[in-house]
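Me: I'm new to this one. Can you walk me through it?
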Amino acid sequence: MEREKRYEDRNVSIGPFVLESGEELPSVELAYERVGPTEAPVILVCHALTGNQYTVGESEPGWWKGLIGHGKYVDTSEFQVITFNVLGGCNGSTGPLSINPETGHAYQSDFPFVTVRDIVHSQNKALQELGIHHLHAVIGGSLGGMQVLEWGILYPDWMDHLVPLAVTPSLSAYGIAYNSISRFAITKDPAWKDGYYNPDHPPTAGLATARMVGMISYRTDDMFQKKFGRNGNRRSDESHTEASYDVESYLHYQGNKLTHRFDANSYLYLLKAMDMHDIGRGRGDIASAAKQIQSNVLAISFKGDLIYPPRDLDSMFTLESLAKFYIVDTKFGHDGFLVEFDKWGPLIKEQLKETLKI
Ligand SMILES: CC(=O)SCCNC(=O)CCNC(=O)[C@H](O)C(C)(C)COP(=O)(O)OP(=O)(O)OC[C@H]1O[C@@H](n2cnc3c(N)ncnc32)[C@H](O)[C@@H]1OP(=O)(O)O
Ligand SMILES: N[C@@H](CCO)C(=O)O
């Protein structure tokens, strides 16, 4: 095995690509990051809604640097880790910002709808282009977790382990409700212009509002209370109408921050893909779909996750005798999969040591 750490950060072309809808994209590229020894077992990481391919990150700060890296729970001296920016994303993969070869302009709202299954099929094609035909594990949280579940069903003999985090077998009504508010905020922004917005004047207010409502769903009441309480800039009698609270400036900050790193159309397409997530769709039901999984499963949920309640993932995997299921005790709720790695990273480390049992 080659021990020297290799790092790649580039694009792979998979050519024309037919989507679940039957529409065809004439040319698809996926941007990816690949870290670790080239001969080592491969771990595919799938990112969440506003994530990207920079999981470990050498040219960019890696969003899972606390979990993955040299000597970390997913050790990049033992495994190579590959992450693709999702189809429909805005970090280098084909998406609404890409040039439509038929018009010579960016697709924007002409981009076709994509599903989580489309995202997974595109990754499978891309891996084959890269000469990879087997995965030691597929790991991901939230939208990434949806991809993990679909990977296990669409390509059941491709991997030894599935590690879905902070996800459910189908998106709940509560999750769709939050996404619906986000869509409303973006599409009612006067700058949105049916999705054909001027790139220099994107619908920032709508996207920021979408992120703000998203942030509320990613955390818990308990965390907000402990972190912010009623702190803020206000008169002691709290009667001042212009009082502003720390929780407000936090949400404004997070909303504004996203507008500097994310495309509003991509956000809409990926929200729709999440809404459509239902592993039972076209397969009878969730139980029938789950039975198609052949790999070992380590499923991890996070206490207080509002949109992906632990009970839903648990009920799916009680159907799978070889599945392990853990609920992480946290105040973070859904965003628990991005923090407190010492609480759940060891579970993944142990899982990756095991070989295929089935
Ligand atoms: C799967 C994925 O790939 S998603 C990509 C990673 N996720 C993100 O980047 C989403 C945005 N970030 C986050 O959600 C969080 O930073 C996490 C989950 C990564 C970490 O959570 P935490 O450590 O609790 O960070 P927290 O939610 O407090 O945010 C900290 C930021 O808010 C700012 N902030 C905190 N309180 C306030 C306040 N009252 N007013 C204004 N700003 C505030 C901090 O200055 C800090 O700014 P910075 O990120 O520019 O350094
Ligand atoms: N913090 C996550 C939430 C969605 O899982 C993200 O921004 O993608």
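Predicted model: local features only at pLDDT ≥ 70, side-chain atom pairs only at ≥ 80, totals over all residues.

Me: Okay. Which positions does UniProt list for "binding site"?

Reply: The unreviewed UniProt entry lists Arg211 and Asp335 under that name. They span 125 residues in sequence, yet no two of their C-alpha atoms are more than 13.4 Å apart, so they gather at one spot.

Me: Where is Arg211?

Reply: Arg211 sits in helix α4.

Me: Buried or exposed? I mean Arg211.

Reply: Arg211 is buried, because 24 other C-beta atoms lie within 10 Å. The cut-off for buried is 20 or more.

Me: What is Arg211 in contact with, leaving aside neighbours within four places in sequence?

Reply: Leaving those aside, Arg211 is in contact with Gln254, Gly255 and Leu258.

Me: And where is Asp335?

Reply: Asp335 is in the loop between β12 (323–328) and α10 (341–353). With 21 C-beta neighbours inside 10 Å, Asp335 counts as buried.

Me: What does Asp335 touch, not counting residues up to four places away in sequence?

Reply: On that basis, Asp335 touches Tyr218 and Arg219.

Me: Back to α4. At what angle do α4 and α6 pack?

Reply: At about 125°, with their axes 8 Å apart. That angle makes α4 oblique to α6. Helix α4 covers residues 204–218, and α6 covers residues 246–259.

Me: Right-handed or left-handed crossing for α4 and α6?

Reply: The crossing of α4 and α6 is right-handed.

Me: Which residues meet there, between α4 and α6?

Reply: From α4, they are Thr204, Leu207, Ala208, Thr209, Arg211, Met212 and Met215. From α6, they are Leu251, Gln254, Gly255, Asn256, Leu258 and Thr259. The residues of this contact of α4 with α6 divide into six nonpolar, six polar and one charged. Arg211, listed by UniProt for "binding site", is one of the α4 residues in this contact.

Me: New topic: α1 and α2. How do their axes cross?

Reply: The axes of α1 (residues 116–129) and α2 come within 9 Å and cross at roughly 65°. The two helices are therefore roughly perpendicular to each other. Their crossing is right-handed.

Me: Which residues in α1 and α2 meet?

Reply: Val116, Arg117, Ile119, Val120 and His121 are the ones in α1. On the α2 side they are Met146, Gln147, Glu150, Trp151 and Leu154. The contact of α1 with α2 divides into six nonpolar, two polar and two charged residues.

Me: Where is Ser142 found?

Reply: Ser142 is found in the loop between β7 (135–141) and α2 (143–154). With 27 C-beta neighbours inside 10 Å, Ser142 counts as buried.

Me: What about the phi of Ala166?

Reply: Ala166 has a positive phi of about 45°, and Ala166 is not a glycine. Its place is the loop between β8 (159–165) and α3 (173–187).

Me: Is Ala166 buried or exposed?

Reply: Ala166 is buried, with 28 other C-beta atoms within 10 Å.

Notes. Residues numbered from 1 in each chain as written. Chains lettered and ligands numbered in written order. Axes fitted to C-alpha atoms, helices over the stretch in contact; angles between N-to-C directions. Helix = DSSP H or I, 4+ residues; strand = E, 2+ residues; numbered from the N terminus. Parallel < 35°, antiparallel > 145°, perpendicular 65-115°, else oblique. Left-handed = near helix turned anticlockwise from the far one by under 90°. Contact = placed C-beta atoms within 7 Å. Nonpolar A, V, L, I, M, F, W, Y, C, P; charged D, E, K, R; others polar. UniProt positions renumbered as here; feature names shortened; annotations may be inferred. Buried ≥ 20, exposed ≤ 12 C-beta atoms within 10 Å, placed from the backbone.
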